[in-house]
Every structure is written in structure tokens, then in C-alpha cells.
Amino acid sequence: MAEKKGFRAKVQRFGSYLSGMIMPNIGAFIAWGIITALFIPDGYFPNESLGAMVDPMIKYLLPLLIGFTGGRMVYDLRGGVVGATATMGVIVGAGIPMFLGAMVMGPLSGYIMKKFDDMFKDKVKSGFEMLYNNFSSGIIGAILAILAALAIGPVVEGLNNGLAAGVEAIIGAGLLPLASIIIEPAKILFLNNAINHGILSPIGVEQAANAGKSILFLLEANPGPGLGILLAFSIFGKGASKASAPGAALIQFVGGIHEIYFPYILMKPMLLLAVIGGGMSGVFTLSLFDAGLRAAASPGSIFAVYAMATPDSYLGVTLGVLVAAVVSFLIASVILKTSKSEADLAEATGQMEAMKGKKSSVAGTLNAGETAEADALNQTPVDTEKDAAEVDKVIFACDAGMGSSAMGASLLKNKFKKADIDIYVNNHAINEIPDDADIVITHRDLTDRAKEKIPTAEHISVENFLNSPKYDQLVERLKK
């Protein structure tokens with residue numbers, strides 16, 4: 001069991017590295033999709049001068065951003081700069097957009113720069129630090145860029161073409177719906193971002209550049225299967241699962257946070273058949289109508305999906321989501337109606353969070369009363385409390401600095417506003433907590449990492465970012 005958990009944790013960590021290079025740059029991908037939709041010759045408002053941005057963005061801007069982010073993940077800004085420099089090499093050395101090459105060269109360059117500094121930085125004489133910093137990164141960046149252009153670029157291009165050809169062959173053979181057999185269970189194991197942003201999105205962007213759209217953007221982001229599950233619980237569920245399902249459906253379908261339906265499936269693993277069936281039928285419908293998106297829909301909200309859909313795909317996308325939801329609902333309804341045991345939603349939520357490795361940003365909507373009580377009883381105590389006069393900045397931190405921490409920060413901002421407290425509140429990835437943070441709020445599983453990052457701050461551990469009594473205690477303390 002421990003070996004299984006360790007293997008899953010390693011896979012999830014690798015997946016988080018892949019998606020971690022793409023997700024912070026999703027805004028740039030969406031910007032490229034919007035510019036493409038508006039200004040190419042077949043766009044809404046054809047414009048030759050503005051449309052000229054499309055090709056450089058996909059060939060240079062997006063891979064360089066990925067390379068910089070990958071290098072920065074390994075070795076902060078220094079690694080990011082070298083990663084972007086080396087990525088330029090694979091861009092020049094290949095004739096296609098080098099997303100895969102950027103995902104290789106970014107982290108690799110950051111790692112090499114880090115190891116080089118570990119060997120030589122402490123040996124630099126006083127007064128020569130800037131000379132060493134600038135020339136060491138410049139020389140290593142140049143060497144890696146040359147190596148990437150001459151050797152790595154062509155190899156990665158061949159690999160990339162092989163993957164793209166494989167995907168095209170699968171689509172051409174009508175086998176793409178079978179991908180749901182892998183994708184839907186992988187979502188429950190929190191490998192969805194790795195699959196979607198680490199594999200499907202880079203290939204999808206290339207398809208969109210050539211064909212104007214790609215169905216690959218919809219394989220994981222389709223909100224239909226999850227909606228069907230939650231609607232089935234709304235009608236045929238029992239107890240807490242039935243009461244919480246309608247609100248969860250709204251968050252999942254409109255907010256785009258798919259993880260909120262994972263505990264419902266963990267309560268009854270047979271429901272995997274429902275999401276797989278819904279996913280397969282949705283992909284089949286999308287293929288039938290040749291539907292696709294211009295760029296990644298992130299988060300997987302129905303609004304984001306429609307925003308990225310091409311005009312000729314609106315019907316196909318609508319039917320793809322609807323069919324997926326209906327099939328998932330029907331299968332889930334049969335399973336729920338024939339099930340004799342009543343599952344424990346709180347236990348399933350805990351199981352989901354154990355698999356995720358941190359608290360879910362939306363778990364509080366599923367079992368608010370129970371999590372609040374657990375939060376009050378089981379939290380790690382605050383270290384040294386700062387006086388109100390010492391607090392200028394409160395930071396929420398989670399792995400990616402997006403979903404969980406963003407929702408917690410928004411909640412505390414509202415509480416501060418109501419209490420007339422003028423203190424800055426924001427959210428960051430745990431590796432990017434600013435040095436001037438006075439209070440850092442993290443899930444208890446991440447608090448030790450946050451303390452290592454910034455030991456001078458006051459650290460508050462919470463069980464649930466959305467439903468912690470610690471927030472009201474902090475408000476009362478800072479009001480005084």
C-alpha cells in the first residue's frame with residue numbers, strides 16, 4: 001500500500017511539473033487564441049498587420065514562456081533566464097512550434113545552472129560576484145542554446161511529429177473516444193492537469209495553428225461527465241451527498257473546478273463507468289460534428305469552453321457537453337438507484353484530499369459543518385502571533401498559487417473589508433511567497449515548506465481554505 005502511494009505521489013509530482021510549466025502561461029495561450037480568432041484571414045475581423053502576431057507568438061513567445069517557467073521552477077529567476085535562452089536553441093533547430101522542446105530544455109537548463117552554481121559560486125572572490133553571475137549564466141545559456149539547436153531540436157521535433165502523427169492516426173481511425181478510459185480515471189487521481197496541459201495542450205496548439213481548432217482541448221475540459229454525476233446525486237443521492245450536489249454542480253459547470261465531483265465518485269467507484277461512458281459519448285459527438293477549440297479552456301467552465309470554440313463548433317460543442325452529461329447522468333442514476341449502501345461524503349472527501357496531497361479548494365462546500373469542527377480541533381497551532389501594527393501583508397499559499405489559495409484569499413479579503421481592516425491580502429505559489437509577507441496561511445500539509453521558504457513570517461495552518469475558524473480569529477485580532 002505504501003509502495004502504491006509512493007508511486008502515485010511520484011507520478012503526481014511529475015505531472016505537476018509538466019502542468020506547472022503550462023498553467024501559469026494559459027493566459028498567453030488564450031491571448032494567442034483570441035488574436036487568431038479575430039485577425040487571421042478567416043477570422044471575425046481580418047487584419048493583415050495584427051494577424052502577423054499569430055505566427056511569432058506560437059513559434060517564439062509561447063515556447064519561451066514555457067522554457068522560462070520550467071527553468072524558474074527548478075532554479076528561480078536565474079534558472080528561468082537560462083531556460084528561456086536554451087529554449088531559443090530548440091526553436092531555431094526545429095521547424096515546428098517547440099512546446100515539447102521547451103518543456104525539456106527549461107527544467108534541464110535550470111538544473112544544470114543550479115549544479116554549476118553549487119560547484120563554483122562559493123569559490124568566487126569577494127567583489128567578483130556580479131561578474132561570475134552574469135558570465136556564468138551567459139556562457140551556459142549560450143552553450144545549451146547551441147547544443148539545443150544542433151542536436152536536441154531535431155530529436156525533439158522527430159518525437160513531437162511522432163506523437164502528433166499518432167494522435168492523428170487515432171482520430172482518423174475513430175478511436176479517440178477510447179481516450180476517456182484513461183482520462184476520466186486519471187482525473188480522479190489528480191493527473192488531469194498533467195494529461196491536459198502537459199500532453200494534450202501542446203499538441204492541440206499545433207493542430208489549432210494548422211487547422212484553426214483542435215478537439216484535444218475538449219478531451220479533459222468537457223464539463224459534461226461531471227455535471228451528469230452531480231445531477232444524478234441531486235435526484236437519487238442520500239443525505240449530505242444529495243444536499244450538496246446542486247451547489248457542487250454549479251461550481252463544477254460554471255466555475256470550472258472539476259475536482260468538486262471527485263469525492264462523489266470515490267464514494268461509489270462504480271461511478272467511474274458513468275464518467276467514462278459520458279466522456280466517450282461526448283468525444284464521439286464532438287468528433288461527429290468536427291468540433292474543436294482554438295486554445296485551451298482553463299478552467300473547464302462552460303463559459304471558457306464557449307469562449308474558445310470556433311463559430312462552426314458551437315453546435316458540436318453544445319451537443320458534446322449535453323450528450324456527455326445525459327449519458328453520465330443515466331448510468332450514474334442506475335448505479336445510485338440499485339445501490340443499497342449509503343456512502344459517507346466526508347470520508348470520501350478526506351480520501352480525495354489524501355490522494356491529492358493537500359486540502360481541496362472546494363471541499364468546504366461538500367461538508368462545511370464537519371470540516372469547520374475538524375479545523376477548530378485538529379489544526380497545528382500558530383507559532384508567534386504578530387501584533388496588528390506589525391502586519392501589512394497576508395499571503396495565502398498553495399502548490400500552484402491558483403485555485404485553493406485564490407479562493408481562500410478572496411474569502412479573507414471580504415472579511416477584512418467588512419471589518420474595515422486595511423491590510424493587503426493575496427495568493428501565491430508556495431515557492432513564490434514574497435519575502436516581505438507578515439502572515440502566511442497554508443494548508444497544514446504545506447506549512448513546513450512555507451516555514452522553510454520564509455521563517456520570519458507568522459504561519460497559520462488551516463484544514464480547509466474555504467471554511468476555517470482561524471479567519472475570524474485573525475480578523476478579531478487585527479481589529480484590535
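Among contacts (heavy atoms within 4.5 Å) between residues at least 6 apart in sequence, 72% join residues at least 24 apart. The structure is a predicted model, in which local features need pLDDT of at least 70 and side-chain atom pairs count only at pLDDT 80 or more, while totals for chains, interfaces and linings use all residues. Residues are numbered from 1 along each chain as its sequence is written, and side-chain values use heavy atoms, with hydrogens and water left out.

The protein holds 20 helices and four strands, taken as DSSP runs numbered from the N terminus (helices H or I, at least four residues; strands E, at least two). Of its 480 residues, 51% count as buried, that is, under 20% relative accessible area, with exposed meaning over 50% and partly exposed in between (1.4 Å probe, protein chains only).

Helix H13 (residues 272-288) has 17 residues and, at 1.5 Å a residue, should span 24 Å (1.5 Å times one less than its number of residues), which agrees with the 24 Å between its end C-alpha atoms. Its buried residues, among them Val275, Ile276 and Leu286, pack against helices H7 (180-188), H9 (217-221), H10 (224-236), H12 (262-267) and H15 (314-338). H13 is followed by Asp290, whose phi is positive, near 55°.

Nine salt bridges were counted, each a side-chain nitrogen of Lys or Arg within 4 Å of a carboxyl oxygen of Asp or Glu. One of them joins Asp290 to Lys213 (3.6 Å, N to O), linking distant parts of the chain, 77 residues apart, with Asp290 in the loop between H13 and helix H14 (302-308) and Lys213 in the loop between helix H8 (192-211) and H9. Lys213 is buried, with a relative accessible area of 14%. In another salt bridge, the closest N and O atoms of Arg477 and Glu458 are 2.7 Å apart; Arg477 lies in helix H20 (residues 469-479) and Glu458 in strand S4 (residues 458-462), so the pair ties together parts that are 19 residues apart in sequence. Arg477 counts as buried at 17% relative accessibility, as does Glu458 at 1%.
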